[in-house]
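Reader: I have a new structure to read. Where do I start, and how do I go on from there?
Author: Start with one contact. Then widen the view.

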Amino acid sequence: MKLVQEQRTEINGHPIIAFTLANDHGMEITCLNYGCIITSILVPDKNGKYENVVLAFDDFSSYLTNRPYLGAVIGRVAGRIKNSCFELNGKTYRLYANENGNHLHGGKKGFHHIIWQAAGFSKKEEVGVCFSHRSVDGEEGYPGNVDVQVTYTLNNENELIISYQAISDEDTPFTLTNHTYFNLSGNVKKDILQHELKMKSDRFLPLDHEFIPTGEIKDVTGTPFDLRQGKKLREVIESTDPQIRLVGQGYDHPFILNTHHDEEIVLFDRESGRTLVVETDEVGVVVYTGNQIPHGEKMNGLQSRKYLGICLETQALPDAVHHPHFPSCILQAGQLYSSTTKYTFRVSY
Ligand code: FUC
């Protein structure tokens with residue numbers, strides 16, 4: 001197990017540190033104290049060749065805007081909140097509106113634009129970084145001071161474990177995710193259209209024209225959202241289904257997971273043999289096939305474009321504050337928020 005820290009740059013006198021975690025097989029993860037952004041994950045293909053399987057900007061300065069939210073932790077609330085307002089305990093709260101009057105991915109200065117406190121650790125069987133941050137009362141319009149901790153741990157099973165913990169002094173909506181774009185081809189040799197996705201999910205949430213859940217919970221049977229037997233992403237992206245069209249030919253949809261910590265999400269690239277298994281205790285996952293990746297930004301030595309990566313955003317259901325029949329995303333004052341998502345990298349033939 002190895003941990004290397006190096007300063008990349010600084011922002012107003014605050015050092016931006018890159019932490020590289022390496023396990024005994026040579027799997028490596030690099031992440032920053034800025035936004036807890038993951039900038040590289042090196043894993044082997046079926047021939048034992050280690051290559052990077054995540055999207056990352058070529059220059060650090062691109063993370064200061066980071067329109068596609070590459071690699072970052074998203075909070076206080078991942079996803080969209082309609083009309084940037086909600087009611088809680090008889091009070092109306094107005095949030096910063098950063099997308100068509102709606103609130104997206106934490107607002108103006110979400111957790112992806114924060115310099116987190118960071119402490120690396122290295123033990124016999126695991127290596128990691130613990131990030132912490134206090135989100136203050138009123139930030140982006142949210143109530144309460146929230147102390148947040150995010151821990152990235154790498155072990156010798158080629159597992160990355162992301163665990164989130166938080167405690168608030170007032171009730172507040174709260175659900176975190178990680179917005180890493182995966183591309184298992186290795187060093188982004190290809191887009192993700194040949195990847196296959198399999199999920200244990202019987203239900204998904206249709207979206208309105210602003211990509212916010214309508215409130216309907218729909219059975220996946222007979223739709224392009226039925227991933228129970230697995231589907232090639234090309235098949236989904238080429239579908240004429242109105243929900244696939246609505247979001248720019250692909251997925252940008254929440255799925256409700258049937259099971260937890262049970263190989264519920266499996267992404268597979270046949271050519272490289274790389275497989276990613278995602279397991280979580282979260283209610284759902286927003287699957288986003290990179291339909292809106294802005295063009296012409298420099299990432300992975302390429303010009304960015306659609307479908308270069310896929311996000312598997314494990315989280316509470318988006319806009320839950322407006323849908324009483326969705327599981328609540330309210331973190332009660334004094335209660336511990338605790339959530340874990342595990343990413344296991346394997347090879348299959
Ligand atoms: C995803 C999507 C969005 C957005 C973004 C960058 O989570 O839900 O539509 O484009 O992230």
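Reader: How far does a polar side-chain atom of Asp252 lie from an oxygen atom of the ligand?
Author: A polar contact is a pair of N or O atoms within 3.5 Å. In this predicted model, a polar side-chain atom of Asp252 lies 2.4 Å from a ligand oxygen. Glu313 places a polar side-chain atom 2.8 Å from an oxygen atom of the ligand. For His105, the distance from a polar side-chain atom to a ligand oxygen is 3.0 Å.

Reader: How much of the ligand does the protein bury?
Author: Compare the ligand alone with the ligand in place. Alone, the ligand exposes 290 Å². The protein buries 92% of that.

Reader: Which residues are around the ligand?
Author: Here a residue counts if one of its heavy atoms lies within 4 Å. The list is Pro68, Tyr69, Arg80, His105, His179, Tyr181, Asp252, Tyr288, Gln292 and Glu313. Sort them by class: four are nonpolar, three polar and three charged. The space that the ligand takes is the largest pocket.

Reader: How many bridges join strand 25 to strand 28?
Author: Five bridges join strand 25 (residues 284-288) and strand 28 (residues 310-315), and the two run antiparallel.

Reader: Where do the side chains of a strand point?
Author: In a regular strand, side chains alternate between the two faces of the sheet.

Reader: What is the order of the open sheet of nine strands?
Author: Read it the same way. The order is 11-12-13-14-30-24-23-18-21, and the pairing is antiparallel. Strand 11 (117-122) and strand 21 (231-232) are its edge strands, each pairing on one side only.

Reader: Which strands do the bridges join to strand 30?
Author: Strand 14 (residues 159-168) joins strand 30 (residues 336-347) through nine antiparallel bridges. There, Ile167 has Leu336 as its bridge partner. Strand 24 also runs antiparallel to strand 30, with seven bridges. Val278 stands opposite Tyr343 of strand 30.

Reader: And what of strand 23 and strand 24?
Author: Strand 23 (residues 265-268) and strand 24 (residues 274-280) pair antiparallel over four bridges. Val266 has Val277 of strand 24 as its bridge partner.

Notes: Residues are numbered from 1 along each chain as its sequence is written. This is a predicted model: local features need pLDDT of at least 70, side-chain atom pairs count only at pLDDT 80 or more; totals for chains, interfaces and linings use all residues. Side-chain values use heavy atoms; hydrogens and water are left out. A polar contact is a pair of N or O atoms within 3.5 Å; within protein, one must be able to donate a hydrogen and the other to accept it, and residues adjacent in sequence count only if both atoms are side-chain atoms. Accessible areas come from the Shrake-Rupley method with a 1.4 Å probe; for residues, only the protein chains shown count as cover. On a 1 Å grid over the protein atoms alone, a cavity is a set of points where a 1.4 Å probe fits but cannot get out, and a pocket is an open set with protein on both sides within 12 Å along at least five of seven lines; lining residues have an atom within 4 Å of a point. A molecule sits in a cavity or pocket if more than half of its atoms lie within 2 Å of its grid points. Ala, Val, Leu, Ile, Met, Phe, Trp, Tyr, Cys and Pro count as nonpolar, Asp, Glu, Lys and Arg as charged, and the others, Gly among them, as polar. Two strands pair if DSSP finds at least two bridges between them.
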